[in-house]
Amino acid sequence: MTLKLDYLNNPYPSQRNTVFAQNGMVATSQPLAAQAGLDILKKGGNAIDAAIATAACLTVVEPTSNGIGGDAFALVWTKGELHGLNASGPAPQSISIEAVKEKGHDTMPKMGLIPVTVPGAPSAWAELSKKFGKLPLSEVLQPAIDYAEKGYPISPTLGKYWKGAYNSYKKFCTTEEFTHWFETFAPDGRAPEIGEIWSSHGHADTLRQIGETNGEAFYRGELAHKIADFSKQHNGFLTYEDLAAYQPEWVQPIKVNYRGYDVWEIPPNGQGIVALMALNMLKEDTFTERDSLETYHKQIEAMKLAFADAKKYVSDTTAMTHTAEELLSYSFAKERRGLITDTALTPEPGTPPKGGTVYLATADGEGNMVSFIQSNYMGFGSGVVVPGTGIGLQNRGHDFSLDPEHENALAPGKKTYHTIIPGFLTKDNEAVGPFGVMGGYMQPQGHMQVVMNTVDFHLNPQAALDAPRWQWMEGKTVHVEHHFPQHLAQALQRKGHNIQVTLDGGSFGRGQIIWRDPQTGTLTGGTEPRTDGCIASW
């Protein structure tokens with residue numbers, strides 16, 4: 001007889017220790033994907049191969065957070081140097097503010113084909129493989145193909161979010177263009193249950209084509225034609241020419257020095273600069289206690305100011321009126337820090353001087369390390385799946401503004417403000433390691449909290465992720481987790497913050513950390529307790 005168990009009921013606190021290894025480590029939000037990356041390491045692949053294998057596998061085993069039709073960013077440490085890859089896609093060439101408004105929209109819609117931008121994730125896999133990989137891409141993608149073809153059992157957090165998405169899509173995604181999402185992700189007329197086997201031959205076929213052609217099939221081959229034809233059939237803006245013209249971009253990572261550590265992010269259009277601006281404001285303060293009123297108050301106020309500036313100034317770099325260097329300048333940080341007082345402020349942007357995501361971290365025994373993030377945005381993304389392919393298209397274009405005067409105004413071929421950000425930490429030009437916290441606008445907030453947990457409060461990787469988090473929402477509203485210290489929540493309320501306790505920790509991000517000891521090469525890892533997180537190592 002099958003046991004009837006509630007896999008979402010965990011009434012007792014549990015402890016997870018930091019994981020140690022020497023030969024290799026993969027940390028991500030899904031055990032099967034972490035193990036897939038480790039298998040590639042054991043076959044002779046490096047950390048870059050492992051990252052690609054894990055990322056591809058996550059499109060299959062955690063489709064609630066990412067997909068083949070999403071975007072990706074990566075920070076790669078190899079041979080003593082950090083490389084940045086921006087594989088976010090632009091808006092279609094045929095789209096415009098006027099064209100969207102003609103379809104009856106005053107703001108960019110969340111669902112359907114209008115907010116679909118060029119997917120960048122498959123190009124990230126191919127580009128990373130070509131530049132740094134040791135194994136053929138077809139071999140690296142094989143674990144993901146196997147899970148798509150043969151199926152796998154649904155894990156607890158995955159099942160929870162899948163059911164929530166199905167209930168939402170059933171209510172709001174009722175037109176013909178959404179039919180194939182239901183055929184792919186709810187083939188029995190419902191979301192799969194926790195522990196139930198789900199498979200998708202469309203996913204497997206698509207991944208196989210991407211592997212065999214090093215991504216060419218997706219952008220300039222059979223898959224590109226299928227995507228474009230479906231878009232045209234349902235009056236979307238994305239075309240074959242948009243896909244064929246796309247190339248990912250190698251970029252110079254940006255950083256701030258925080259108490260002797262260099263904290264690295266991908267430059268705009270990503271929002272990693274938000275975490276750096278906030279840390280820049282706080283680096284001359286002294287924090288001796290993590291769970292104190294002063295620490296939380298200053299963290300929240302700095303983050304609010306950083307977000308206010310980023311939401312005004314961050315977009316595609318070609319459209320920004322202020323550079324990343326200007327936004328990260330000492331004078332601007334000092335000016336913004338001066339606005340932090342003893343009471344909560346309502347953030348407004350300053351004037352700089354002129355001048356639903358998955359995260360994974362990998363490391364190998366040779367010293368290579370990867371910080372990688374990939375997303376369809378808002379869970380499954382646009383709700384649109386290209387028939388027979390398993391390709392769920394992202395809705396990243398939702399972040400564009402239809403105000404032509406806005407820095408992030410919609411324009412043909414333009415990249416939007418992007419929420420997904422990988423992080424990396426170095427000290428004295430040596431790698432400390434990759435870290436990340438996925439989850440929409442929580443991401444830079446999670447990055448700042450993880451960095452301070454590590455650098456200021458000396459928490460091990462697991463404790464740095466376990467610690468209760470806060471999340472600034474808007475104005476003076478701040479959400480805190482249910483295990484956030486009540487007396488501090490009350491004290492923050494007295495300072496003017498509108499504190500709201502949230503029972504579900506899912507909105508506070510899902511992170512991973514791998515640190516490397518430069519003397520011994522020993523790897524230490526922490527994984528997220530707020531999801532089906534796992535560290536695979538050897």
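This is a predicted model: local features need pLDDT of at least 70, side-chain atom pairs count only at pLDDT 80 or more; totals for chains, interfaces and linings use all residues.
Residues are numbered from 1 along each chain as its sequence is written, and side-chain values use heavy atoms, with hydrogens and water left out.

**Strand β2**

I took helices (H or I, at least four residues) and strands (E, at least two) as DSSP runs, numbered from the N terminus. I looked up β2, residues 24–28, and found 5 of the 5 residues buried, so the strand is largely enclosed by the rest of the structure. I then checked each face: Gly24, Val26 and Thr28 are buried on one side, and Met25 and Ala27 are buried on the other.

Next I looked for partners, where two strands pair if DSSP finds at least two bridges between them. Strand β10 (residues 357–364) runs antiparallel to β2 and is joined to it by 5 bridges, with Ala27 opposite Ala361. Strand β21 (residues 534–537) is also antiparallel to β2, through 4 bridges, and there Met25 faces Ser537.

**Ile145**

I turned to Ile145, which sits in helix α6, residues 142–150, and is buried at a relative accessible area of 2%. Setting aside neighbours within four places in sequence, I found Ile145 in contact with Ala204, Leu207 and Arg208, contact meaning heavy atoms within 4.5 Å. I also noted that Ile145 and Asn10 are 135 residues apart in sequence and 32 Å apart in space, C-alpha to C-alpha.

Notes. Buried means under 20% relative accessible area, exposed over 50%, partly exposed in between (1.4 Å probe, protein chains only).
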